[in-house]
Amino acid sequence: MMEGQRVGQSPNQLPMLVLEEPSAGLADDKVYVFHRQHIYIGRAIENSLVVNESSVSRQHSEITFRGMHASRTHASERWALTDTSRNGTFVNDKLVIPGQTVMLESGDKIAVGSRIFIVRGQPQE
């Protein structure tokens, strides 16, 4: 069973968030795929995504699944980022102050310390 998966629940029934970390031309981009409702980013090894930098708090940010959004053309998952640090997190170059929550969209850039992650939509099957 995958981490964060409930008994009797397949990975396809869990929300999925894809974060891409551009490589700055050094090698292939890193892609992180999460099948869970809460993703924790920070310096502590208990986080879903560890960023081991002194400017990053132990529990720096939390990304939470907020349900599905349906439009006339498609359905998409909704995610929200909450800053839980003392240093702030940046989304699209705008500071998210501690305790503030912002909704995420595909293509948004999340900066945690010196690392940049891009929110990607669910991969096509």
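Tutor: Let us begin with burial: a residue counts as buried when its relative accessible area is under 20%, as exposed when it is over 50%, and as partly exposed in between. Please keep in mind that this is a predicted model.

Student: What makes Tyr32 and Phe117 an aromatic pair, and of which kind?

Tutor: Two rings pair if their centres lie within 6.5 Å, and planes over 60 degrees apart count as edge-to-face. The ring centres of Tyr32 and Phe117 are 6.1 Å apart and their planes stand at 70 degrees, so this pair is edge-to-face. Tyr32 belongs to strand S2 (residues 30-34) and Phe117 to strand S11, so the pair ties together parts that are 85 residues apart in sequence. By this rule, the protein has 2 aromatic pairs.

Student: How is Phe90 classed, and why?

Tutor: Phe90, found in strand S7 (residues 89-91), has 36% relative accessibility and therefore counts as partly exposed. That value lies between the limits of 20% and 50%.

Student: What makes Phe90 part of a surface patch?

Tutor: A patch residue needs over 30% relative accessible area, and nonpolar side chains are joined within 5 Å. Phe90 has 36%, and together with Leu95 and Ile97 this residue forms a nonpolar patch with about 270 Å² of accessible area.

Student: Which class does Arg78 fall into, and why?

Tutor: Arg78 lies in strand S6. Its relative accessibility is 34%, so Arg78 counts as partly exposed.

Student: What makes up the largest nonpolar core?

Tutor: Such a core consists of buried nonpolar residues joined through side-chain atoms within 4.5 Å. The largest one has 19 residues, and Leu19, Ile63, Leu104 and Ile110 have the most contacts inside it. Strands S1, S3, S5, S6, S10 and S11 each give two or more residues to this core. Leu104 touches Ile63, Trp79, Ala80, Leu81, Val91, Ile110 and Val119, leaving aside residues up to four places away in sequence.

Student: How many helices and strands does the protein have?

Tutor: The count is 0 helices and 11 strands.

Methods: Residues are numbered from 1 along each chain as its sequence is written. This is a predicted model: local features need pLDDT of at least 70, side-chain atom pairs count only at pLDDT 80 or more; totals for chains, interfaces and linings use all residues. Side-chain values use heavy atoms; hydrogens and water are left out. Buried means under 20% relative accessible area, exposed over 50%, partly exposed in between (1.4 Å probe, protein chains only). Helices (H or I, at least four residues) and strands (E, at least two) are DSSP runs, numbered from the N terminus. Contact means heavy atoms within 4.5 Å. Patches are made of residues with over 30% relative accessible area and no salt bridge: like charges are joined within 9 Å, nonpolar side chains (Val, Leu, Ile, Met, Phe, Trp, Tyr) within 5 Å. Accessible areas come from the Shrake-Rupley method with a 1.4 Å probe; for residues, only the protein chains shown count as cover. A salt bridge is a side-chain nitrogen of Lys or Arg within 4 Å of a carboxyl oxygen of Asp or Glu. Rings of Phe, Tyr and Trp (its six-membered ring) pair if their centres lie within 6.5 Å; planes under 30 degrees apart count as stacked, over 60 as edge-to-face and the rest as tilted.
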